[in-house]
Amino acid sequence: MTTHPEVLWAQRSSTTDDEKNIIYLTVNVPDIQSSTLECNLTPTSLSFKTKAGNPEKGIPEKSYVFDLHFFEEIDPEKSLRRLNTRSLFLTLRKKEKKEEFWPRLTKEKVRNAFLKTDFSKWVDEDEQDGAAVEAEDDMEAMGGMGGMGGGMPGMGGMPGMGGMPGMGGMGGMGDMDLEKLMAQMGGGAGAGPSGAADDGSDDGSDDDGPPPLEDAETAK
């Protein structure tokens with residue numbers, strides 16, 4: 001038996017900034033089984049299908065599915081997603097930049113009981129410039145990800161970068177013996193490797209790329 005998950009949405013609009021011309025979708029499904037997740041995004045639609053639950057922990061397995069046809073086109077290549085234990089969060093880029101909000105999320109003027117306004121992100125159209133921006137640092141690009149089942153392949157060890165092959169002790173730079181490093185630096189002309197180690201660039205790049213959030217009215 002399949003059921004519709006709760007889907008919350010909000011929006012922002014901009015004539016100049018892609019990151020402020022967006023739709024926010026939150027699909028509330030706890031314990032999504034990522035290997036079963038299918039989230040196919042096109043310029044005009046979104047289809048979602050997954051299984052959720054954990055029978056080993058006494059949480060029954062359920063199947064969830066829904067389809068949406070957007071009021072206007074979005075850009076899948078610039079859209080983002082984040083999956084956690086409670087929900088799937090999507091930031092969809094509107095294709096056309098304009099000042100006005102979409103009057104509703106879907107093309108059809110039908111009321112979907114599972115589709116609701118996200119009041120935690122809701123602001124009036126004329127107040128959106130002062131609204132807080134949602135961080136996108138830990139979100140993944142949806143373009144080219146297919147059904148997105150199981151996450152991005154080959155990225156398992158990325159979060160801490162602790163133990164990239166061939167990098168030796170790089171993951172433990174903070175634990176290096178400073179005295180030994182200084183001794184190597186004073187070792188005279190033959191200290192080529194120490195020179196490279198001394199390079200010790202502490203690269204703290206910040207990837208700040210958040211988009212704002214908005215609301216729109218529920219379809220009537």
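Me: Let's start with Lys98: what is its relative accessible area?
Reply: A residue is buried under 20% relative accessible area, exposed over 50%, and partly exposed in between (1.4 Å probe, protein chains only). Lys98 counts as partly exposed because its relative accessible area is 21%.

Me: Before we go on, what kind of model is this?
Reply: Residues are numbered from 1 along each chain as its sequence is written, and side-chain values use heavy atoms, leaving out hydrogens and water. Local features need pLDDT of at least 70, side-chain atom pairs count only at pLDDT 80 or more, and totals for chains, interfaces and linings use all residues, since this is a predicted model.

Me: Thanks! How far apart are the closest N and O atoms of Lys98 and Glu72?
Reply: Side chains of opposite charge can pair when their charged atoms come close. The term salt bridge asks for a side-chain nitrogen of Lys or Arg within 4 Å of a carboxyl oxygen of Asp or Glu. Lys98 and Glu72 form such a bridge, with the closest N and O atoms at 2.7 Å.

Me: How many residues apart are the two partners, Lys98 and Glu72?
Reply: Helices (H or I, at least four residues) and strands (E, at least two) are DSSP runs numbered from the N terminus. Lys98 sits in the loop between β8 and β9, and Glu72 in the loop between β6 and β7 (74-83). The pair therefore links distant parts of the chain, with a separation in residues of 26.

Me: Which residue forms a salt bridge with Lys116?
Reply: The closest N and O atoms of this pair are 3.3 Å apart. Lys116 lies in strand β9 (residues 115-117) and its partner in strand β2, so the bridge ties together parts that are 110 residues apart in sequence.

Me: Moving to the strands, which residue in β3 stands opposite Trp9?
Reply: Two strands pair if DSSP finds at least two bridges between them. Strand β2 (residues 6-11) and β3 pair in the antiparallel sense over six bridges. In this pairing Trp9 faces Leu25.

Me: And which residue in β8 stands opposite Tyr24?
Reply: β3 (residues 22-28) is mostly covered, with six of its seven residues buried. This strand also pairs with β8 (residues 87-94) in the antiparallel sense, over seven bridges. Opposite Tyr24 stands Thr91.

Me: How many residues are in the largest nonpolar core?
Reply: A nonpolar core is a set of buried Ala, Val, Leu, Ile, Met, Phe, Trp, Tyr and Cys residues joined through side-chain atoms within 4.5 Å. In the largest one, the residues with the most contacts are Leu25, Phe48, Phe70, Leu92 and Leu105, and the number of residues is 26.

Me: Which elements give two or more residues to this core?
Reply: Leu25 is among the residues with the most contacts inside the core. The contributing elements are β2, β3, β4, β5 (45-54), β6 (59-69) and β8.

Me: Last one: in which loop does Asp31 lie?
Reply: Asp31 has a positive phi of about 60° although it is not a glycine. At 29% relative accessibility, Asp31 counts as partly exposed. Its place is the loop between β3 and β4 (38-41).
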